[in-house]
Amino acid sequence: MEIEELKKKAAWLRRASFEALVTAGQGHPGSMMSQIEILTALFYGDIIRYERGQPESRSRDRIIISKGHATMGLYPIFADIGYFDERELEHIGTRDSMLKIFGNINIPGIDATSGSLGHGPGVGIGYAMAAKKDGLDQRVFVMVSEGEMYEGSIWESAMFAAHHNLDNLILILDRNHKIILGDTEDLVALEPIKDKWDAFGFETINVDGHSLSGLMDAFSCIGNTNGKPLMIIADTVKGKGLSIMEHVPAWHYWQGMTDQQLKESRSELL
Amino acid sequence: MESVTQRDVFIEAIKKKARQDKDIIFMSADFGAPALDSFRDDLPSQFIHCGISEQHMIDMAAGMALAGKKVYVYAMAPFITLRCIEQIKCSLALMDLPVTVISVGGGLGYADAGPTHYSTEDIACMRSLVGVEVISPCDELSTNAIAELTLRTPKLRVIRLERHALAPVYEGGFSPSKGFNELSSGERVCILSYGHLLHRVQEAAVICEGKGVGVGVIDVFCVKPLSVELAEVLNTYQYIVTVEEHCSSGGFGSAILELLSDNDILKPVKRMALPERYFFENGGRELLLNDFGLSISNIVDKVMSVK
């Protein structure tokens, strides 16, 4: 898909993610909106290899949203690529829906139950190691948040992945700068985050996480890292695309909207 | 015949099967055993050293299990249970993955290392996790049978093993199917235990017998789940004594009380466990157990007090 087409797809995904939140009446919009271009590039830029309508495929690439609160952002994509009926999206988060606020492995296409921070990279490494042992040409993509950088298990996993040359492991850090109580650099500084991942033995790339061409360039490094696992640090804006929530920590959680706010937000997403 | 430690017995059984099954993966967080040295030499592609990173090891085990591997994770008891309980919950139990957690050195097994290396809250914590089986065998034969059980029907289990070799309890054979074995039947009093302390319980039962009090002894090697069948056996006794090398809060004794309550069986139950404290004292495991209320004579006294 060309960049202009990808941009249209990203706009669609942002609208679909917003409507998923409205339908559920709960969820994590800040993080769902910051990851839109990343997911668009992965699924519509021919980066992640999948078979339409075949979530059970053993050989397809794996995707883990380690920041599990944003997993809901995968649902519109999974419906779009035939993993389940798109009518499922009409009742996300309702009592009888299989689509939950946080993803779990009972949902077609979800490769790991997540929610508690810091587990995704380790689980992803398990998949990546298994693929290497089985001789499968399978890549494992793990989306992490900067909030997860505070979890010690992340660094345990990082050390291991580099030691074992897991070049089929691709971590993407959705660096939207905000955790629940404010900006990471004001609370407990993470920077220089690239240096940290470099030091842990990853091939590390900084990219504008809302630039589809930049992301496509970054993903072109997959398989060309001299055996290193890859960390793509995507600089993003929490709540991207909606003026009511951009840079506003409270919109980590869905806050509810008045009819007027809904109308204005939808118009911003057109 | 020289006794072999439970971990060597267990690993040897896994290795035997792993030779034919490349999907068996054994992970260690820098914890060894002679049998593991041999596993690493003979099956290097099926062994993974995870660094001293128990949390990562559990997460990685989950990923490998999701990819179809039959995974064993192995470390010292306090570190592979409480240190990574959140990983066992979120990455294993939540996804109901068939990973075997081999936890070595339960109770005061690492005396005199002190409380960081003791595992006296692990049963309470592990049995609280949904769907996790908790098993603690008491000798070589039963350990081998439990290892074979994990190979035959993989599921999420925590296997609490002893650090040192234990004398044989089962001479003629061992079946893990019921989750418990009534080693001797008594008239009014029954003592329930598992693992290391089961051996003390057996000695105490002999002394009680000499005093004219025949007591039942049951090896409840499967601490979770406990079966209705066990409840039915307990219902034939008037008094029940539980003995465990663990704190009393939420441990095996608590589990027995829950079993009886859930089956509407109202019986006097006396729980013998370690006191609610940490142990910095020197003297070795056997002396510490004596000092803290779990000597053979303590068990005898308890039986005689309720008979």
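## Close-up views of a predicted two-chain model

**View 1. One salt bridge spans the interface of chain A and chain B.** Everything shown here and below comes from a predicted model. The bridge in question pairs the side chains of A:Asp134 and B:Lys69, with N to O at 2.5 Å. On the side of chain A that touches chain B, the elements giving two or more residues are α5 (120-134) and α6 (152-163) of chain A. Helix α5(A) makes the largest contribution to that side, with nine residues. Sorted by class, that side of chain A holds eight nonpolar, nine polar and five charged residues.

**View 2. Chain A and chain B bury about 1,800 Å² between them.** Of that area, 63% is on carbon and sulfur atoms. Chain A brings 22 residues to the contact, and chain B brings 24 residues. Look for A:His119, A:Lys133 and A:Glu156: together they supply 30% of the area chain A buries against chain B, more than any other three residues.

**View 3. Helix α9 of chain A is largely enclosed by the rest of the structure, because six of its eight residues are buried.** The helix covers residues 212-219. Its buried residues are A:Leu212, A:Gly214, A:Leu215, A:Met216, A:Ala218 and A:Phe219. What do they pack against? Their partners in chain A are the helices α1 (3-24) and α3 (36-44), along with the strands β3 (169-175), β6 (203-208) and β7 (230-235).

View 4. In chain A, the side chains of A:Glu4 and A:Lys7 meet in a salt bridge, 3.5 Å from N to O. A:Lys7 is partly exposed, at 44% relative accessible area. Over in chain B, B:Asp37 pairs with B:Arg40, and their closest N and O atoms are 3.9 Å apart.

**View 5. A salt bridge joins B:Arg200 to B:Glu286.** The closest N and O atoms of this pair are 2.7 Å apart. Here distant parts of the chain are linked: B:Arg200 is in helix α8 (residues 195-210) of chain B and B:Glu286 is in helix α11 (residues 285-291) of chain B, 86 residues away. Back in chain A, A:Arg49, A:Asp61, A:Asp137 and A:Arg139 are joined into one network by salt bridges that share partners. Over all chains, the count of salt bridges comes to 34.

**View 6. B:Thr5 lies in the segment before α1 (6-18) of chain B.** Its side chain makes a polar contact of 2.7 Å with that of B:Asp8. Setting aside neighbours within four places in sequence, B:Thr5 touches B:Arg163, B:His164 and B:Ala165.

**View 7. Zero disulfides turn up in the whole structure.** B:Cys125 is in none, and its nearest cysteine sulfur, from B:Cys247, is 7.9 Å away. B:Cys125 is partly exposed, at 21% relative accessible area. B:Cys138 is likewise in no disulfide; the nearest cysteine sulfur belongs to B:Cys222, 13 Å away. B:Cys138 is buried, with 0% relative accessibility.

Methods
Residues are numbered from 1 along each chain as its sequence is written. Chains are lettered from A and ligands numbered from 1 in the order in which they are written. This is a predicted model: local features need pLDDT of at least 70, side-chain atom pairs count only at pLDDT 80 or more; totals for chains, interfaces and linings use all residues. Side-chain values use heavy atoms; hydrogens and water are left out. Buried means under 20% relative accessible area, exposed over 50%, partly exposed in between (1.4 Å probe, protein chains only). Helices (H or I, at least four residues) and strands (E, at least two) are DSSP runs, numbered from the N terminus. Contact means heavy atoms within 4.5 Å. A disulfide is a pair of cysteine sulfur atoms within 2.5 Å. Buried area is the accessible area (1.4 Å probe) that two parts lose on being put together, summed over both. A salt bridge is a side-chain nitrogen of Lys or Arg within 4 Å of a carboxyl oxygen of Asp or Glu. Ala, Val, Leu, Ile, Met, Phe, Trp, Tyr, Cys and Pro count as nonpolar, Asp, Glu, Lys and Arg as charged, and the others, Gly among them, as polar. A polar contact is a pair of N or O atoms within 3.5 Å; within protein, one must be able to donate a hydrogen and the other to accept it, and residues adjacent in sequence count only if both atoms are side-chain atoms.
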